Amino acid sequence: MNDGFDWDAVRESLPLLLEGFKVTLLATVLGTLVAAVLGLAVAMAGRAPSRFVTVPVRVVTEFVRSTPLLVQLVGAAALFNTVEPLYIGITVLGIHYAAYTSEVYRAGIDGVPQGQWEACRALSLPPRRTWQAVILPQAVRNVLPALGNYAISMFKETPFLAVITVQEMVFEARKYGAENFAYTEVFTLAGLIFLVASYPTSLLMRKLEKRLGH
């Protein structure tokens, strides 16, 4: 062991962290897809005319928002202990963030000018055509930056998956640190990888938000 920063540990642990990063990236991409699709479904269900639909949707959504992601992960892993932890992690991440993206979609739908709805009624467009061809394309375009920001947030919360033994990047960092007494080096490296991956994406989302704002 060296008293200073151990660069050998950095070089040795980098391949392991990159392998874990693949899992981190996979969980983020698939979790984001689940959140995007399910969030839209929840937003649409929230506009249903029947309270038998809207009330249960609202209760479940509030429950998900009001409980920590960590608790949801541990609870799901305990309930579905025969399922691959990575699948549980992706599903829980997707459901957790769907509760938030549904509000983003709702705001996007509400932001569509009233004249667009009136034009669809004047043209006698059926509801399905109205949503698919007019409302949703405008709503989704308006909320893309917000959805991107939630994807970045999900990426930064993937280390929680380590508690259910998903071998993502932080799991690998902690394992290597414990085996080699190099926590400072390996967690510094993991943090830099997170920074390199997330910061350019964050800048892209800001640029997209400004462009769509004009």
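Hi everyone. Before anything else, one term: pLDDT is the predictor's confidence in each residue, on a scale from 0 to 100. I start there because what we have on the screen is a predicted model.

For the chain as a whole the average pLDDT is 91, and 97% of the residues score at least 70.

Now the overall picture. How many helices and strands are there? The chain has 8 helices and 0 strands, and reading along the sequence you get α-α-α-α-α-α-α-α. If you take the C-alpha trace along its principal axes, the chain spans about 75 × 45 × 25 Å.

Let's move on to the packing, with H4 as our guide. General point for anyone new to this: a pair of packed helices is described by the angle between their axes and the distance between those axes.

Take H1 and H4 to begin with. Their axes are 5 Å apart and the packing angle is about 45 degrees. Angles under 35 degrees count as roughly parallel and 65 to 115 as roughly perpendicular, so H1 and H4 come out as oblique to each other. Their crossing is right-handed. As for what sits in the contact of H1 with H4, the residues divide into 20 nonpolar, 5 polar and 1 charged.

Next, H4 with helix H6, which covers residues 127-157. Here the angle is about 140 degrees and the axes are 8 Å apart. The cut-off for roughly antiparallel is over 145, and H4 and H6 are therefore oblique to each other. The crossing of H4 and H6 is right-handed.

Last stop, the largest pocket. Its volume is about 390 Å³. It is lined by 19 residues, and those nearest its centre are Val60, Val64, Thr91, Ile95 and His96. Two or more lining residues come from each of helix H1 (7-45), helix H2 (51-66), helix H3 (69-79) and helix H4 (85-110). Which helix gives the most to this lining? That is H4, with 7 residues.

Technical notes:
Residues are numbered from 1 along each chain as its sequence is written. This is a predicted model: local features need pLDDT of at least 70, side-chain atom pairs count only at pLDDT 80 or more; totals for chains, interfaces and linings use all residues. Side-chain values use heavy atoms; hydrogens and water are left out. On a 1 Å grid over the protein atoms alone, a cavity is a set of points where a 1.4 Å probe fits but cannot get out, and a pocket is an open set with protein on both sides within 12 Å along at least five of seven lines; lining residues have an atom within 4 Å of a point. Grid points are joined across faces, edges and corners, and a volume is the space filled by probe spheres set on the points. Helices (H or I, at least four residues) and strands (E, at least two) are DSSP runs, numbered from the N terminus. Axes are lines fitted to C-alpha atoms, for helices over the stretch in contact, and angles run from 0 to 180 degrees between N-to-C directions. A crossing is left-handed if the near helix is turned anticlockwise from the far one by less than a right angle, and right-handed if clockwise. Ala, Val, Leu, Ile, Met, Phe, Trp, Tyr, Cys and Pro count as nonpolar, Asp, Glu, Lys and Arg as charged, and the others, Gly among them, as polar.
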